[in-house]
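Open the model in your viewer and keep the selection panel at hand. The stops below go from the contact between chains to individual residues.

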Amino acid sequence: MFLIIGRPEDSFCQAIQSHLQAGNHECRIIGELFQVPGSAAVGVSRSEVLAQCKDVKGDWLHGNDLQGVYVRELVYPEASVWTAEDYRYVSQEITGAFLGWTAALPCPVLNRYEPRTWYMRFSSVLAWRMIVRRCGLEVSDRAGEEIAPGGHQLRLYRAAVIGDDLVWDLFPPLDHEKLVSPLRRFMNLNSLSLLEAVFNFEQDHCCLYSIAFELSPWQFSPHARQEITSKLVALLTGGSPTVNRAK
Amino acid sequence: MKLLFLGHGSDPVCNYLRQAWSTSRGAIYFLDLDWIDRCCKLDRDSSRTERSWSIEATNWQLKLGDISAVFLRFLGVDRAIRSGIRLATEKAGLEAAANLWMDLLEGLECPIVNRLSVSNSNHSKLFQLLQMKANGFLVPDTLVTNDIGLAKAFSARHSGRVVFKSASGARARAQLLDEHNYERLHLLSDCPTQFQQFIPGSDVRVHVIGNQCFGLQIESAELDYRYAPRDLVLIKTCPLPKTIQDQCRRITHAFGLYLSGIDFRVTSKQEWYGLEVNPAPAFTDYQRQTGQPLAATLLNFLAEFG
């Protein structure tokens with residue numbers, strides 16, 4: 001059994017689910033984790049750690065029965081039914097529980113976020129520049145700049161990194177092979193299996209312009225999107241050593 | 001030694017440390033996070049080299065490449081709004097500026113006590129607990145769930161002696177799951193909560209500063225001593241077994257922290273149950289009551305980076 005954490009109506013969740021099912025893998029999409037109508041739990045005792053969740057049919061799915069989990073999106077409850085203060089509290093609790101839940105799963109999880117990566121997933125590349133440089137990549141001078149319409153033209157190249165594989169949108173930059181090892185180092189350092197990176201071509205080489213841990217398939221061409229889907233499914237099902245396993 | 005110090009002007013811990021640094025070691029480069037949108041700016045236009053970018057405050061200027069170390073105690077932008085220092089309408093601007101400065105700091109090569117990224121483990125008590133267990137800590141039986149049936153079964157398994165508390169970094173009072181709270185379990189389905197086996201014994205806080213450990217025992221009639229009247233809380237120095245010191249150092253370093261406050265419940269049989277790791281411990285009260293040189297040790301530690 002494979003699990004996708006995300007919105008059932010999300011077309012990318014549906015595409016991953018279809019691919020898995022086409023390969024005779026059972027797959028469910030769970031939108032509400034640690035909130036009604038769903039339930040989830042992590043139990044910790046001296047002898048064991050057990051993560052579980054309830055699917056839409058009301059069946060408990062135990063972590064030990066899961067073959068892999070793809071975290072597309074953590075869905076939060078509707079804000080309008082809460083006061084602002086309560087909503088903030090509930091969201092924090094759901095996030096805290098979710099981060100512990102994925103940490104407790106024994107199966108591969110894409111991405112198994114640690115709190116340090118989860119809370120920095122919307123940070124600009126400016127925040128990552130020390131680690132990025134240590135991994136052998138250069139940070140674009142233009143990183144973090146807001147590009148005004150009609151402003152400087154940038155030559156941007158977008159790639160999805162899925163385990164060991166890179167999927168470039170349309171076509172890769174000239175020196176794309178030099179980027180593979182540094183990107184892998186970055187992912188290993190941050191316990192990531194999936195990453196989206198945008199490079200800017202500056203002074204004859206590529207510099208990192210932006211980085212995201214959640215894939216945005218709609219930003220890729222249909223062909224690249226298809227490749228992303230199949231590579232992600234392969235990573236999830238193939239037991240690749242690059243998949244982030246439980247520690 | 002050029003110490004960049006980021007904290008809230010409204011935070012007593014921050015002010016105590018600033019004062020102590022200024023008195024004993026001279027100039028301090030302080031940025032007030034309550035006013036971070038107005039008190040300074042970053043000049044990155046005059047140079048393409050990051051080391052030459054400079055922070056410009058009202059009465060000082062500092063190049064990024066000259067910073068020896070950073071002390072960061074960020075308690076969130078809401079703090080300035082809640083305390084009435086800033087208007088709610090100013091929150092968006094304050095938040096945007098804080099995010100920019102946090103991103104800038106995060107990418108600095110110099111030591112930061114503590115980096116915001118690694119402090120984020122505080123937002124998942126369950127994640128912390130799992131890491132503590134993996135690092136050899138004894139931890140209480142714990143259940144994090146929004147399922148009423150599982151919570152009731154957990155309570156029954158522990159004969160009703162169960163504590164519940166926040167699963168995140170949100171400040172919330174730890175309480176016993178007594179009859180009154182048991183009746184409120186129907187509210188659980190909307191919000192996951194952390195339930196733990198009640199451990200009879202004392203609260204112990206261990207502060208780790210670099211490689212040094214300081215133990216404190218806290219006696220209070222309240223389950224959560226933070227909410228007890230101060231004059232009814234007895235704090236005294238507590239000797240720490242070597243294994244506990246080693247564990248505390250190990251988990252602090254595993255999280256990438258230089259400074260931490262680790263909470264334990266310790267039974268009469270000397271079983272040390274680890275509860276959580278605080279990456280921004282407010283230690284001035286503990287220091288005042290025990291005389292432990294926590295601030296001095298921290299300042300010495302920061303000075304070593306000079």
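Start by colouring by chain: 46 residues of chain A are in contact with 47 residues of chain B. This is a predicted model. The two chains bury about 3,800 Å² between them, and carbon and sulfur atoms give 56% of that area. On the side of chain A, select A:Val44, A:Arg46 and A:Arg129, which lose the most area to chain B and together make up 17% of what that side buries.

**The interface**

Next, show polar contacts across the interface. There are 21 residue pairs in polar contact between chain A and chain B, counting pairs with both residues at pLDDT 80 or more. Strand 3, strand 4 (49-54), helix 2 (84-104), helix 3 and helix 4 (125-134) of chain A each supply at least two residues to the side that touches chain B. Which of the elements of chain A gives the most to that side? Select helix 2 of chain A, which gives 13 residues. By type, the residues of the chain A side divide into 24 nonpolar, 12 polar and 10 charged.

Now select strand 3 of chain A together with strand 8 of chain B (residues 142-145). The two strands pair in the antiparallel sense over 4 bridges. Within this pairing, A:Gly43 stands opposite B:Leu143.

**Salt bridges between the chains**

How many salt bridges are found across the interface of chain A and chain B? The rule finds 4. One to display is B:Asp78 with A:Arg88, whose side chains meet at 3.3 Å, N to O.

Another salt bridge to select is B:Glu271 with A:Arg46, where the closest N and O atoms are 3.8 Å apart. B:Glu271 lies in the loop between strand 15 (259-266) and strand 16 (272-278) of chain B, and A:Arg46 in the loop between strand 3 and strand 4 of chain A, so the pair joins two chains. B:Glu271 is partly exposed at 28% relative accessible area, while A:Arg46 is exposed at 54%.

**Salt bridges within a chain**

Over all chains, the structure holds 26 salt bridges. Select A:Arg28 and A:Asp55, whose side chains meet in a salt bridge at 1.9 Å, N to O. A:Arg28 is in strand 2 of chain A and A:Asp55 in the loop between strand 4 and strand 5 (60-62), so this pair ties together parts that are 27 residues apart in sequence.

In chain B, select B:Lys41 and B:Glu56, a salt bridge with its closest N and O atoms 3.7 Å apart. B:Lys41 belongs to strand 3 (residues 40-43) and B:Glu56 to strand 4 (residues 54-57) of chain B, so the pair ties together parts 15 residues apart in sequence. B:Lys41 is exposed at 53% relative accessibility, and B:Glu56 is partly exposed at 22%.

**Helix 5 of chain A**

Select residues 177-189 of chain A, which form helix 5; its buried residues are A:Leu179, A:Val180, A:Pro182, A:Leu183, A:Phe186 and A:Met187. Their cover includes helix 4, strand 8 (156-162), strand 9 (165-168), strand 10 (194-202) and strand 11 (205-212) of chain A. Just after helix 5, A:Ser191 takes a positive phi of about 55 degrees.

**Backbone stops**

Most residues other than glycine have a negative phi, and most peptide bonds are trans. Go to the loop between strand 2 and strand 3 of chain A, where A:Phe34 is found. Phi of A:Phe34 is near 60 degrees, and this residue is buried at 0% relative accessibility. In that loop, between strand 2 (27-30) and strand 3 (40-44), lies A:Pro37, joined to A:Val36 by a cis peptide bond with omega about 5 degrees.

The peptide bond from A:Leu110 to A:Asn111 is also cis, with omega near -20 degrees.

In chain B, select B:Ser159, with a positive phi of about 55 degrees. B:Ser159 sits in the loop between helix 6 (148-157) and strand 9 (162-165) and is exposed at 66% relative accessibility.

**Last stop: B:Arg205**

Finish in strand 12 (residues 202-209) of chain B, at B:Arg205. B:Arg205 is buried, with a relative accessible area of 5%. Its side chain makes a polar contact with that of B:His207 at 3.2 Å. Beyond four places in sequence, the contacts of B:Arg205 include B:Phe214, B:Asp263, B:Asn278 and B:Tyr286.

Conventions
Residues numbered from 1 in each chain as written. Chains lettered and ligands numbered in written order. Predicted model: local features only at pLDDT ≥ 70, side-chain atom pairs only at ≥ 80, totals over all residues. Heavy atoms only, no water. Buried < 20%, exposed > 50% of the residue type's maximum accessible area, 1.4 Å probe, protein only. Polar contact = N/O pair within 3.5 Å; in protein donor to acceptor, adjacent residues only side chain to side chain. Contact = heavy atoms within 4.5 Å. Buried area = accessible area lost by both parts, 1.4 Å probe. Nonpolar A, V, L, I, M, F, W, Y, C, P; charged D, E, K, R; others polar. Pairing = 2+ DSSP bridges.
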